[in-house]
Amino acid sequence: MHSAAKLLHQMGPRHVLVKGGDLPGSCDAVDVFFDGERIHDLSLPHVKTRNTHGTGCTLASCIAAELAKGSPMLPAVQVAKRFVENALDYSKEISIGKGPQGPFDHFLMLNRKVHNFRKKTVLDPSDLFLYAVTDSGMNRKWGRSIEDAVKAAIEGGATIIQLREKDAETRNFLEAAKSCMEVCHSWGVPLLINDRIDIALACDADGVHVGQSDMPVRTARALLGPEKIIGVSCKTPEQAQQAYMDGADYIGSGGIYPTNTKENNLTIGLEGLKAVCLSSKLPVVAIGGIGISNAHAVMELGLPNLKGVAVVSALFDQECISTEVKKLYEVLSRASSEVK
Ligand SMILES: Cc1ncc(COP(=O)(O)OP(=O)(O)O)c(N)n1
Ligand SMILES: Cc1ncsc1CCOP(=O)(O)O
């Protein structure tokens, strides 16, 4: 496939894409993209289905649509490939027509209701402005209950809360989550649960936040239904594009700066954050090492879908949570009024 791409390139086109989706014996669909300088192997899992009629024209149309939106060639091809992979996956069980090949559903983005694919989101993106994420270790260190920490964060001006209780026992966590739901709802602040779909269901939380190695967004959506908020961690444009396809409501992107709160966490910096924001239509909240000293630099990026910052230690590893939240709120308000 590599030499075919190079030979085709010699015939004149600026870019060549060689399709390898149906290579026998491969469990991945590998396409080869050549721009005259570099070969890119674009690989996604092969979707096993007879419904493949129309994939080639849909891929080409999708590339054209991405280019028309202003995308460079390689990202346009990547988005299109991912779209086709998702459409194949969504329509793999459909049984229509006769013969060895059935049509796949290239209109899946329009048939959202049928596929429960992308609902009208219940998330107000402005809720991501000051996103407070709890930490059981920090609460223990300062002798606080989760409920008290959450109350203090809301009193200071937090606009959304996530319970990130990594070492809590299930029964205790559920009881605390139920109390926090009461606090949050009395203030009209959404409450999300980190990782634990079971806890979110049991306390009827507003939604969940999942990471790349947690429950997949699509499965979480199937379990939680269309009315709940689902956030997903993304470090790369590819993950961000997938998040949209999978029906996430927002992206948490980071670590922006080094942090001691999460071990072995890759720092992506402001450049990484920018790449994620630019590659997605979803609202994004930045996370990792953010506090009053650097929140301004993050919001100053002025990216339209960058809606706020998510913070753990700069709020919860402090003597007075509500004071720290207030200070951060002021920094964020100043930064966002400057970029408007
Ligand atoms: C808003 C927000 N963004 C990112 C994360 C990180 O989630 P994850 O990748 O699942 O890592 P853990 O939080 O589970 O350590 C988050 N929690 N919140
Ligand atoms: C959970 C998480 N995900 C990426 S960085 C991070 C930790 C953020 O904590 P802090 O705000 O204390 O740096």
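The buried residues of helix α10 are Ala240, Gln241, Gln242, Ala243, Tyr244, Met245 and Asp246, where buried denotes under 20% relative accessible area, exposed over 50%, and partly exposed the range in between (1.4 Å probe, protein chains only). Because seven of the 10 residues of α10 are buried, this helix is largely enclosed by the rest of the structure. Helices (H or I, at least four residues) and strands (E, at least two) are DSSP runs numbered from the N terminus. Just after α10, Gly247 adopts a positive phi of about 95°.

The model is predicted, and local features need pLDDT of at least 70, side-chain atom pairs count only at pLDDT 80 or more, and totals for chains, interfaces and linings use all residues. Residues are numbered from 1 along each chain as its sequence is written, chains are lettered from A and ligands numbered from 1 in the order in which they are written, and side-chain values use heavy atoms, with hydrogens and water left out.

Helix α6 (residues 146-156) packs with helix α14 (residues 321-339) at an angle of about 35°, the two axes being 7 Å apart. Axes are lines fitted to C-alpha atoms, for helices over the stretch in contact, and angles run from 0 to 180 degrees between N-to-C directions. The crossing of α6 past α14 is right-handed; a crossing is given this name if the near helix is turned clockwise from the far one by less than a right angle, and is left-handed if the turn is anticlockwise. On the side of α6, the contact is made by Ala149, Ala152, Ala153, Glu155 and Gly156, and on the side of α14 by Ile321, Ser322, Val325 and Lys326, contact meaning heavy atoms within 4.5 Å.

Within α6, the buried residues are Ile146, Ala149, Val150, Ala152, Ala153, Ile154 and Gly156. These buried residues pack against β4 (130-133), α5 (136-141), β5 (160-163), α7 (170-187), α13 (313-316) and α14. Gly157 follows α6 and has a positive phi, near 125°. Helix α14 also contains Glu324, which is buried, with a relative accessible area of 15%. When neighbours within four places in sequence are left aside, Glu324 is in contact with Ala314, Leu315 and Gln318.

Salt bridges, defined by a side-chain nitrogen of Lys or Arg within 4 Å of a carboxyl oxygen of Asp or Glu, number 14 in the structure. In one of them, Asp135 pairs with Arg164, and the closest N and O atoms are 3.8 Å apart. This pair links distant parts of the chain, 29 residues apart, with Asp135 in the loop between β4 and α5 and Arg164 in the loop between β5 and α7. Asp135 is buried, with a relative accessible area of 12%, and Arg164 is buried with a value of 12%.

A further salt bridge joins Lys141 to Asp317, with 2.8 Å between the closest N and O atoms. Because Lys141 lies in helix α5 and Asp317 in the loop between α13 and α14, the pair ties together parts that are 176 residues apart in sequence. Lys141 is exposed at 56% relative accessible area, whereas Asp317 is partly exposed at 24%.

Arg221 and Asp249 likewise form a salt bridge through their side chains (2.9 Å, N to O). Arg221 belongs to helix α9 (residues 217-224) and Asp249 to the loop between α10 (237-246) and β9 (250-254), so the pair ties together parts that are 28 residues apart in sequence. Both Arg221 and Asp249 are buried. Elsewhere, salt bridges with shared partners join Asp89, Lys92, Arg218 and Asp246 into one network.

Thr170 is located in helix α7 and counts as partly exposed, at 44% relative accessibility. Thr170 touches Arg196 and Ile199, residues up to four places away in sequence not being counted. The C-alpha atoms of Thr170 and Asp198 are separated by 9.4 Å, although the two residues are 28 residues apart along the chain.

Leu201 lies in helix α8 (residues 197-203) and is partly exposed, with a relative accessible area of 47%.
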